[in-house]
Amino acid sequence: MVSWGVTETATKQETGADITQQTRSGVSTVLAQLDDRREFPADAIPRATADCVYGRATHLRVPGSDPTVTALDCDAQYALTSASELPEGAFLLSVTIRTADGAPGSGSLPTQQGRLHVRFDGGASLRPTGDGTVLSLWDTQRVAVGVGEPSSIGPAHIRIQGTPAGLATGLSHMGTAHHTLSPSRSHPGQRGHPPLLTTGETTSVPTELANTKPETGIELLVPPCVESLFVVAPLAYYLGADVTVDDRTRVALTAENTGVYHEFGPFPDIQDEVAEMVQRLFYLDCLVRRIDPESDPELLDRCSLDPGAVRSLSPAGRLERYLATPDEAVDTATPEWHLSTHTEPSLERARCLPFLLDTLSLIYLSDGAELERCDLLEKTLSDSYTRGTVEPTAMVEPTGGVGRVHGWLAPGTPIGAFKTTPSAYENRYRYRAKESDKFQLSVVLNDMEMSDERHAVSEIYRAADLPMDVTVRDQLTTDALADVFESENDFVHFIGHCEDDGLCCPDGTLSMASLSESHTRTFFLNACGSYQQGLDLIEQGSVAGAVTFADVLDSHAAMVGTAFARLLSNGFCIQRALQLARRRIMMSKDYAVVGDGTYALLPEPTDPVVVMVSERDGGYSLTCEVMTPQGAGASYDLPIDGKTALNGTATEYTVSAATLVDTLESHSLPVIFEGDFHWSGDLAARLDPEF
């Protein structure tokens, strides 16, 4: 039980609750602001709580992080990221408070967290601050305050037996990450991180996890093969379905008290069929959950969907309704999917599934054709620029799959996809809680002929409107460079050269495999043939980074490096930043990402819109494309008309030269103009008719 109180001198008689002097200060702060405090039944708050107290207030300051607000009337929960006004209704504000086991000052204690809940009635306003949330009620009223039992920070762990049946049990509990079973689960603020998977001799699900498993009435019957389980994992997770291994040859989807019985085709067709169903169900949830003026009434009419009626259905009933929606009405409107991962399924790699599901990645088998040297030349023109002795890396080109971003979780070196490993996802989990709001960046120049890039990227990082400490170092020895990667760094931008046995230093080469451990989250090894060194950094503790496959010209490296730096400091993930940055050169395929390419240095893009511009008679064609691998289901403001667009949507406009220039000048955005990469301000100056 959590002991909590109003002040250090408060007594149980004053509040009727179990209050002691060892109460966490955050809870005490809230209770001290309440008048007429009394004990209250714990079920007044629809969450598991240790104690509950109510009192009267008009204004509350609630300390804590990760605020969410739940509309209890419709069980819709949203992350609170900006000031919001709430209408009449019952609401629940929840924040994270951190505690520790044992006596204060006892040393290295395991950090724990609990959720502090405040139930109130609107109208009201909520405003997040640097250290908490301010709740302002329209009039003085009774509020209830409760706190959940402390738990270890991060998602729960499920131990599964190393069999298809064990994996099926693990997948059946992935849906516990959803905060709601309503269409609002399509919003990223409604989806927590799925439980983590480990393997053992027996399957064991924590009691608290088993008790919160959603009962959706939806079931996936799957053949006893790992390949099928991997492919259906995103569908099982999103639907909150029970997964049952059955003596059958094809996967079937059923829903109780409905007419749903859908049998998928054999391999390889099942991969596309599952992907299409996930996209359909997810998009229709997005469409139904969105409230005017964001909703598309014409599309809702074509799909014969009444949002209110659909939101009132059970998960099984909603599935039946969605599957009956005309294909042609949905297919033409569904935004481009954000992410697919090509993997070689195995029970060992099953521990990666929760991380893939956290990003709502579709999953495909790792089919790919190995590229012959002539194929590679056609794709990269790399022979035209080869200068050194670094041998080109054998590569494969993933086949099939939808999505703007692709990952490769399998043997081989992919073209057009980021190369990831189980270590990358586990390292990402290590960095899930950042201790400081300030970012530590290191720029290392070990080739003085490339000093222009050093100067340009360091200025870009320093100019970013972010709390960054940027350190610039030149000509580091192997020991000094090792110290950089082994020190706490959010990002290291290395400029120099690379040999087969490591990064070049004045006194030799440094192999990343020789590091004791990497404490550098992300990196850019802008050096010839740095691919293997980047992979070694991932195995040593990093999450993701940009690398090269072969020798590149110094001038091209500088162009890619500066563009990458600007995109990264504007919130783009590693893979999207490199995809855009390498458009500046012809040999773009010689740059790649290793590790989890969906990882961003910043928590989220400040503005993830990419603008595509081409000339048209009398003006310009402008397409605003919104795509972030971490933002599935989120909406973003467009720079043209201020309207919002769903992640994955491309919105087209025809504008005059003056309107285009004005738009580019008023926003800091990456722009693709006639196929080439520009930054919006630079292109505006070039196109300004008055310039």
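Is Val95 buried or exposed, and what is the relative accessible area of Val95? Val95 is buried, with a relative accessible area of 0%. Buried means under 20% relative accessible area, exposed means over 50%, and partly exposed lies in between (1.4 Å probe, protein chains only).

This is a predicted model, in which local features need pLDDT of at least 70 and side-chain atom pairs count only at pLDDT 80 or more, while totals for chains, interfaces and linings use all residues. Residues are numbered from 1 along each chain as its sequence is written, and side-chain values use heavy atoms, with hydrogens and water left out.

**The chain overall**

- The chain has 20 helices and 36 strands. Helices (H or I, at least four residues) and strands (E, at least two) are DSSP runs, numbered from the N terminus.
- Of the 691 residues in the chain, 56% are buried.
- Take the contacts in the chain with a separation of 6 or more: residues 24 or more positions apart account for 67% of them. Contact means heavy atoms within 4.5 Å.

**Nonpolar cores**

- In soluble globular proteins, nonpolar side chains tend to be buried together.
- A nonpolar core is a set of buried Ala, Val, Leu, Ile, Met, Phe, Trp, Tyr and Cys residues joined through side-chain atoms within 4.5 Å.
- The largest nonpolar core has 112 residues. Leu167, Phe264 and Tyr461 are among those with the most contacts inside it.
- Helix α6 (residues 269-289) gives the most to this core, with 12 residues.
- A second, separate core has 28 residues, including Phe523 and Ile538.
- Tyr461 touches Leu441, Val443 and Phe491, among others, not counting residues up to four places away in sequence.

**Strands β5 and β6**

- Val95 sits in strand β5 (residues 84-100). Val95 and Val118 are 23 residues apart in sequence and 8.9 Å apart in space, C-alpha to C-alpha.
- Ser125 is in strand β6 (residues 111-128). Ser125 counts as buried because its relative accessibility is 18%.
- Not counting residues up to four places away in sequence, Ser125 touches Ser84, Glu85 and Trp138, among others.
- Gly123 is also in strand β6. A cis peptide bond joins Gly122 and Gly123, with omega about 10°.

**A buried arginine**

- Arg349 lies in the loop between β15 (339-343) and α11 (353-358). Arg349 is buried, with a relative accessible area of 16%.
- The side chain of Arg349 reaches the backbone oxygen of Glu344 at 2.8 Å.
- Including Phe230, Leu409 and Pro411, several residues touch Arg349, not counting residues up to four places away in sequence.

- Most residues other than glycine have a negative phi, and most peptide bonds are trans.
- The peptide bond from Phe267 to Pro268 is cis, with omega near 0°. Pro268 lies in the loop between β14 (261-263) and α6.
- Ser304 is not a glycine, yet has a positive phi of about 55°. Ser304 lies in the loop between α7 (297-302) and α8 (307-311). Ser304 counts as exposed, at 53% relative accessibility.
- Gln475 has a positive phi near 50° and is a residue other than glycine. The loop between β22 (468-474) and α15 (478-486) holds Gln475. Gln475 counts as partly exposed, at 38% relative accessibility.

Note on methods
A polar contact is a pair of N or O atoms within 3.5 Å; within protein, one must be able to donate a hydrogen and the other to accept it, and residues adjacent in sequence count only if both atoms are side-chain atoms.
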